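Please open the model in a viewer and follow the stops below in order. Each stop names a selection and then describes what is found there.

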Amino acid sequence: MSKKKLFSFLGGIKLAHRKEYSSEKAIAPLPMPKKLILPLRQSAGSLPAPIVQVGEKVNKGQCLAAAEGWISASLHAPTSGTIRDIGDYPIAHPSGLVAPCIVIEADGEDAWGERQPLLEHADSERLDPETVQRYLQSMGVVGMGGAVFPSHVKLSKAPGVPLETLIVNGAECEPFITCDDRLMRERAAEIVSGIIFLAELLEAKESVVAIEDNKPEAAAAMRAALAARLEATANHIRVVVIPAVYPAGSLKQLIYTLTGKRAPAGVLPPQLGVQCFNTATVYAIWQAVARGEPVISRIVTVTGNVGRPGNLEVPLGASVADVLQYAEARPESDGCLVGGPMMGFLLPDYDAPIGKGANCLIARSPQFFPHKAPESPCIRCTNCAQACPQGLLPYEMYWWSRARDFAKAERHNLQECIECGCCSYVCPSSIPLVQYFRFAKDALRTAATKKEMADQARERFEFRQFRAEREKTERTQKLAQAAKQQSAKLAAENANAAPAEDLDETRKQALIAAAIERVAGERAKVGCDEGANATEAALAPNHGNSA
Amino acid sequence: MEILVAISVMALGALVLGSAIGYAAIRFKVEGDPVVEKINAILPQTQCGQCSYPGCKPYAEAIARGEAEINLCPPGGDEGVHQLSELLGREYKPLAEESQTEKKASVALIDEADCIGCTLCIQACPVDAILGAAKQMHTVIIPLCTGCELCIAPCPVDCIAMKPLPETPENWEWPYPQIDKSPDAATHAPMPTAAADIQ
Amino acid sequence: MNPFSAPYLHRPTSVNRSMNLVLVALLPGILVYLTLFGSALIVQIFIASVSALFFEALLLYWRGRPVRERLSDHSALVTAWLIALTFPPLSPWWLTVIGVFFAIVVAKQLYGGLGQNPFNPAMIAFAVCIIAFPALMSQWPAQGLNLPFREQAEIIFGLAPRLDALTSATPLDAIKTALKTDALYDNLQKLLMNQNLYGTFAGRGWEWVTTAYLCGGVFLLIMGVITWHVPVAFIVSMSAIAFICWLIEPSRFANPLFHLFSGGAMLGAFFIATDPVSGCATPRGKLIFGAGAGLLAYLIRVFGSFPDGIAFSVLIMNMTAPLLDLYCQPKVFGALPSMPVKKDLAAKVKEEESP
Amino acid sequence: MTAYLFLIIGAVLVNNIVLVQILGLCPFMGVSKKLETAFGMSVATTFVLTLATGSCFIIDHYLLLPFGFEYLRTLAFIVTIAAVVQLTEMVIARTSPVLQQTLGIYLPLITTNCAVLGVPLINISHRHDFVESLLFGMASAIGFSLVLLLFAGIRERVEAADVPRPFKGSAITMITAGLMSLAFMGFAGLNR
């Protein structure tokens, strides 16, 4: 295996890994809770539409909500039971707001419905990528690293760009989290099968499993699993150990570390001949195509101030409270983080359910998270700029965000911020920089939506005025025409009596009138068509929004 | 005598410069007013007429002519006034007295049971966001509604009400950080422990 | 419920730590200064510190800001010490207080306090006082001033008469006076030749003070409080212009070493121009800022009307800092050299996304 | 050549029209809120000032002096400047409507910008010849533009600062201008 040069990205920080609490705990299943709350929002893009009724009995793995549109993924029942409600419940979100959910009451039998693994039917011949994409969408496979972007979308290749490197992200750079570590240690064979499947499907020239150097056991397990498969060598799949610098697992930084390619804003990895999947996602893809099991559970690391830290296989829809109770969270904990301590969020409501992106629960206590000083003035020490892996100037972005001057914050590339938290971590003034940036970004997003709506309203208002104008002219024209016909009739009556030289004049007038009429008619028609188009155009984006 | 000469010299100078300006006025004539478009782009396009002009464009034209203040648009809010003052270099003013209160974004909803299908609201809607025909029930196309409230007054049976848009995780915004408070001071619900479960 | 955002981990650092390190880094300079030029400096540091803390507390209280919290960041002390070090040690107490007033109240607190002042407070103090009280601000003591401490304190507090005999022209001053006055032209050559009279490179003990500042500055660099950009750019540009002038006419201009080790050059390069608040913060901006400050400091101290140019050069560069920072932004990670390509790619991606 | 150099350095830095001579404060305070408008104003003023010094020199030298109308100088200069500004405004309105709108009332204000009248008068009192007049006019305008842009940069920053309420707005702007003026005193003596 050839050793390739690694690139080290700008900035980044060294963090205490703190994975020791749960890294030696094997994956254990969480006992099935009695009630599961499944938010429809389990992926980026549009919400899937429920296809079950309240009171309906469902089997484990049965589809509950079907994907709507391309960037969307289906949702399945994590266990057998009865649909109790379809309505708004609090979801795991920093706002603590409610969102549409499907509630299942488990019957305790955990009976699987019919499973149709894709590979069983199409084992001999090469699979058509589109079939795989449709299948994965229907199996609800999304990015399990936290971004929950539908995985089937990422199987599309950029036209004309061959896939140089398929990256499997096992970096897991945030402190505390060990779910991918354990998954790689315990289920390496499945992951490797998944990688081979993806590499062959995407015709990747090489595949790289990136693992941070603080997880030697996972790297060893993956290497052993790769060595056991002949296809692994044929497809040039290898394990690369990368230095543990936060945020090494962030997409852009990981691509740069492994390939030296920098992804500019707005350019997706396939454009650079790279595609990246999380290890848990690869595992989920393999479970779907080989066993016909949709995504109905995920590995969640429970750690922090709990009596029994560990890695649990949690059915989707189990509440955070269920998991915390099982892990024996200590009562003096002050809150629970969902996700890592650098990019996760503090959960406002423990009844919120575990979703496809929730990789870690951390019970907070001052022992693990020492109290932070209140914000003091920024002295532009530039520690943040030196830590920023994106090469931004957080102190400038902060200065303008704080003053709510968002345009100037954008002038300093606010939108390029990946919210990794390095700047806030190093800030000597304890400024919650990331929150300022999120605040500013959200304000900008709202302003953009407002602007879009205003533009649409203006278009429609102007069209309405145009229509009113047209109707008015049409009416006057009709009147004029009637009058003209009247006069023409009169003229015709007179024509017989009129002298010969006047005849020419009358004919000319009639010709002109006819021409005017024709033109006017055409214009009205064109206007109508335009109007129809405009209405269609105005309606089209809303279709996307409401869906 | 000298005064006369001086006056005539100045007059001559003025004449020469005046004719130069006159020529320039014709040569560099400006058609239309592109600023109106810029102002109109800032206005929220609710077409609500709360500024006392019939629609956003007429208000924009009035601002460009210097006839209207820039603080007459309640749907545009404080932000809008700031943007206008930036664009035009005019002094910022808080929203005009009668339109002080900024309203939450809301949309019109027709109580479909009461609707008699009179089409009056359809005629009032400036952005064609109401669907329906004579003697048929009408309905508001919610994504198109600007919340201008112009349809409420014409309704003979008062079946139209404004409903604020709900806050969802999708349109939720991160709040401005609390500066003087340590984030650790935030209060938390008690941890769900096994003991709590038994209760 | 007001949510607060990630990250929930923080490195235990504070503003207070870096300010304290700056104070520590000033100590060697202060010690050498004390031994060579008398103990009056201690009194000045005391006056400046007390008045700075007083004004800062007053303004913070008046503005309803947390007084103790803000005072404990020690930024006012840094300003006070810099004022004490740049003012002549025997200047009357009220001069120092006026300087501190302008620094803390006008240049700092009126702009919102720490982190928001566009000009370096200590240098504002120096500039105000040298323009308002030029005579008092150029009374520098001769080396080995051996008045008892008590007497020096009495001079500062106006209890004893000021003695002209105590003061002597600084080397910079002497050379400038000679350069500007034709009558003293021969004198100038003598001054430049007579290296004994002037010590090894900057004369009269000042070289030892500036060397101590240099050591303190290197300490700050090692501790990571400042970056190398400003001091290096400052020293390079000042020696470059000094070297050019010296090469053209060695009989009129002093050598680069003399300039680097006289007056406030080292203090300016490591402690004043590196102020992150009023200076540049981008790497390229810092280089331009340092180079500009070094160049202007040389021009002003050699050709201008003031004995030393550090204060004015830093203030002038402070004015340019916002614009320099705006146009020296570093490249964002992954930014392509040409924008159209990027947009083109992005558009293609969008088409791909929506079949 | 050195004389011209010193003339330029003198006009741009040492005797800066705004910060040292304290002329042209109206646009300095009024149009420095945003960098973009400040840039527009700089360009407009540079253009007008150069043109005004040139035309005023011609008027003075070939019209007023030969006929002994020196006492009409102020009047004649004002008329000339007004005409030049009018022409500039028309050209700008045609070529850049946004610039015209953002400059708003400030473009006609150049007419009453005392710097524009002051520079030709200083030219006369310093007995500059035509080339020197033009150079001096241009250098003064560059000095004006320089400090206007720097001032705009600082003001944008200060605008977002936590300035005590009584000092918000014009007050802190005046203080900033004063401190800038203080800094510019550092250039004193450099042109000798």
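Which residue of β8(A) stands opposite A:Y89? In this predicted model, the residue facing A:Y89 is A:A99.

**First stop: strands of chain A**

Select residues 81–90 of chain A, which form strand β7, together with β8(A). These two strands run antiparallel to one another and are joined over nine bridges. Within β8(A), A:E105 is the residue opposite A:K35.

**Second stop: where chain C touches chain A**

Now display chains A and C together. The contact brings 38 residues of chain C against 55 residues of chain A. On the chain C side, select α1 (15–37) and α16 (339–353), the elements that each contribute two or more residues. The largest share is that of α16(C), with five residues. Colouring this side of chain C by residue class shows 21 nonpolar, eleven polar and six charged residues.

Move to chain B and select residues 34–96 for domain 1, then residues 106–164 for domain 2, as given by the domain assignment. Taken over C-alpha atoms, the centres of these two domains of chain B lie 26 Å apart. Five residues of domain 1 of chain B and seven residues of domain 2 of chain B take part in the contact. On the domain 1 side of this contact in chain B, one residue is nonpolar, four are polar and none is charged.

Methods: Residues numbered from 1 in each chain as written. Chains lettered and ligands numbered in written order. Predicted model: local features only at pLDDT ≥ 70, side-chain atom pairs only at ≥ 80, totals over all residues. Domains from an automatic or database assignment. Contact = placed C-beta atoms within 7 Å. Nonpolar A, V, L, I, M, F, W, Y, C, P; charged D, E, K, R; others polar. Helix = DSSP H or I, 4+ residues; strand = E, 2+ residues; numbered from the N terminus. Pairing = 2+ DSSP bridges.
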